[in-house]
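Here are some notes to read alongside the structure. They take up how the copies are arranged, what lies between them, and one residue inside a chain.

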2 protein chains.
Amino acid sequence: MKKRLQNSPIGIFDSGVGGLTVVKELLKILPNENIVYFGDTARVPYGTKSKDAVIKFSSEIIDFLTKKNVKLILVACNTASALALNTIRRKVGVPVVGVIEPGAVSAVSTTRNKKIGIIGTEATIKSKAYEKTIRKIAGSCKIVNRACPLFVPIAEEGWVDRKVSEIIAGEYLKLIKKAHADTVVLGCTHYPLLKNVIGRVLGKNIKLVDSAAEVARKVKNILQNKKLLNTLKGTGHMQFFVSDAPEKFKRIGKIFLGKKILSVSKVNIT
Amino acid sequence: MKKRLQNSPIGIFDSGVGGLTVVKELLKILPNENIVYFGDTARVPYGTKSKDAVIKFSSEIIDFLTKKNVKLILVACNTASALALNTIRRKVGVPVVGVIEPGAVSAVSTTRNKKIGIIGTEATIKSKAYEKTIRKIAGSCKIVNRACPLFVPIAEEGWVDRKVSEIIAGEYLKLIKKAHADTVVLGCTHYPLLKNVIGRVLGKNIKLVDSAAEVARKVKNILQNKKLLNTLKGTGHMQFFVSDAPEKFKRIGKIFLGKKILSVSKVNIT
């Protein structure tokens with residue numbers, strides 16, 4: 001029974017393609033794990049929706065992943081991690097990992113002057129999930145929050161290195177610069193694509209924290225501790241599911257995953 | 001029976017708040033009509049989704065509006081008008097009005113040099129709905145299409161008169177300017193909010209066509225011809241329904257409708 005669970009897939013979900021930046025990191029340190037990924041492309045984005053909606057969407061996805069007999073659930077979406085993690089944990093019997101806590105841990109271990117900037121979607125910023133978690137770990141930190149609603153559409157438009165994106169970033173990051181934060185958390189899985197632009201605006205002395213690598217390490221630790229690491233040799237099997245437009249997911253997903261996506265299936269989960 | 005139908009509401013839907021620009025025009029010429037409006041804020045935007053998804057979403061909304069005993073359905077969303085109008089017409093027994101045909105009629109009657117630019121969401125532009133309709137009416141026209149995926153998020157961010165929005169518009173409208181179009185169709189209900197920015201980029205000799213006023217006239221004509229105009233005196237009653245975040249709809253909707261929205265109800269239609 002244990003053996004069967006060990007070789008079960010890791011279930012990962014996101015509102016769309018963004019979570020593939022986390023899958024990319026996971027593949028580096030857990031190349032032989034099987035993965036089932038779900039992208040909710042029919043209802044993307046989550047970051048502008050209400051808490052109720054994000055909880056409802058996440059619950060429906062969890063029901064789908066549970067049927068795939070996953071051994072761990074990784075909520076790769078910052079908005080769902082910020083708003084729905086407790087609900088998801090109550091629903092399932094397997095470990096659930098979100099991206100907020102690993103991102104907060106990274107930020108705290110990175111900052112020298114204890115001034116941290118957090119950027120994310122409207123819903124993530126409004127939830128104050130990063131701020132609360134950082135305060136729990138580090139106590140007194142100065143934290144500056146800023147929602148950046150245009151970053152997701154800019155990244156999806158592929159304008160990852162344009163002057164106009166730099167102007168928009170300049171507008172959003174004004175207060176974070178002014179507060180002299182030395183560390184900024186990229187609190188949305190789309191934002192690593194805009195690292196160059198954000199980096200140019202903030203200057204080279206400010207460290208950008210992208211939780212993906214830390215999240216992957218956390219998943220590995222949990223699987224190790226629970227003796228749930230895959231025992232099979234060779235490269236794991238990846239399955240991709242979306243609620244809409246599989247071809248588009250394939251095309252854009254390649255940029256996020258850093259490699260070709262062979263097949264994507266459309267499923268109806270509502 | 002006829003009397004009862006006359007005083008039934010007009011059903012209007014959009015993916016979100018954008019359709020309120022059409023309601024605004026409707027109120028000007030049909031102030032005593034009752035209106036039931038549905039904004040699909042849980043699944044907004046439609047413009048980046050597939051045809052299948054837009055048809056499914058539209059069908060679910062039509063089922064909801066039909067239960068409200070509407071006497072006419074106005075599809076105020078360009079994307080749904082472009083992709084789902086035939087499906088909707090097959091589903092219902094009342095007149096169905098979309099925004100594409102009225103927009104195309106306006107464009108053809110506006111252009112002098114028979115060179116027309118069309119801007120809209122990815123899905124609307126891909127459907128070529130405006131182009132096909134214009135060609136049916138006017139035959140040989142030069143038509144330049146351009147999807148402007150960032151216009152909706154910019155309008156929702158409220159950046160309706162900023163330099164950065166002008167730079168983005170400059171990028172999107174480059175080919176339309178180059179083609180010397182004298183008329184540009186604003187093929188998305190969000191775009192009238194960006195009229196100033198778009199106008200500055202295109203220059204004052206280019207006419208912007210916003211289908212809202214033409215759509216309102218068409219609705220009035222149909223109701224007149226079918227003897228379905230409301231017989232009640234005084235101002236009509238408006239009901240607003242959304243699939244998510246009613247408070248946000250109220251707040252942003254005010255900008256689109258040009259007046260305060262008193263009450264919005266959240267309903268689950270899936």
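1. Superposing chain B on chain A takes a rotation of 180° with 0.0 Å of shift along the axis, and the RMSD is 0.0 Å. The two copies are thus related as by a two-fold rotation axis. Keep in mind that this is a predicted model.

2. Which residue of chain B comes closest to the rotation axis? That residue is B:R43, whose C-alpha lies 2.3 Å from the axis. The two copies use the same surface, since 100% of the contact residues of chain B recur in chain A.

3. How much area do the two chains bury between them? The size of an interface is often given as the accessible area lost when the parts come together. For chain B and chain A the figure is about 2300 Å², with 58% of it on carbon and sulfur atoms. In terms of residues, 31 of chain B are in contact with 31 of chain A.

4. Charged side chains also meet across this interface. The rule finds six salt bridges between chain B and chain A. One example to look for in the view is the pair A:E171 and B:R162, whose side chains form a salt bridge at 3.2 Å, N to O.

5. Which helices of chain B supply at least two residues each to the side that touches chain A? They are α3 (51-67), α8 (151-157) and α9 (163-172). The largest share comes from α9(B), with five residues. Sorted by class, this side of chain B has 15 nonpolar, five polar and eleven charged residues.

6. A separate point concerns A:D14. This residue lies in strand β1 of chain A, which spans residues 10-14. Is A:D14 buried or exposed? Its relative accessible area is 1%, and buried means under 20%, so A:D14 is buried.

7. The surroundings of A:D14 can be listed. Leaving aside neighbours within four places in sequence, A:D14 is in contact with A:G19, A:Y37, A:F38, A:G39, A:D40, A:A76, A:C77 and A:T189. As for A:G47, which is 33 residues from A:D14 along the chain, the C-alpha atoms of the two are separated by 11 Å.

Terms used: Residues numbered from 1 in each chain as written. Chains lettered and ligands numbered in written order. Predicted model: local features only at pLDDT ≥ 70, side-chain atom pairs only at ≥ 80, totals over all residues. Heavy atoms only, no water. Helix = DSSP H or I, 4+ residues; strand = E, 2+ residues; numbered from the N terminus. Buried < 20%, exposed > 50% of the residue type's maximum accessible area, 1.4 Å probe, protein only. Contact = heavy atoms within 4.5 Å. Buried area = accessible area lost by both parts, 1.4 Å probe. Salt bridge = Lys/Arg side-chain N within 4 Å of Asp/Glu carboxyl O. Nonpolar A, V, L, I, M, F, W, Y, C, P; charged D, E, K, R; others polar. Least-squares fit on C-alpha atoms with pLDDT ≥ 70 in both.
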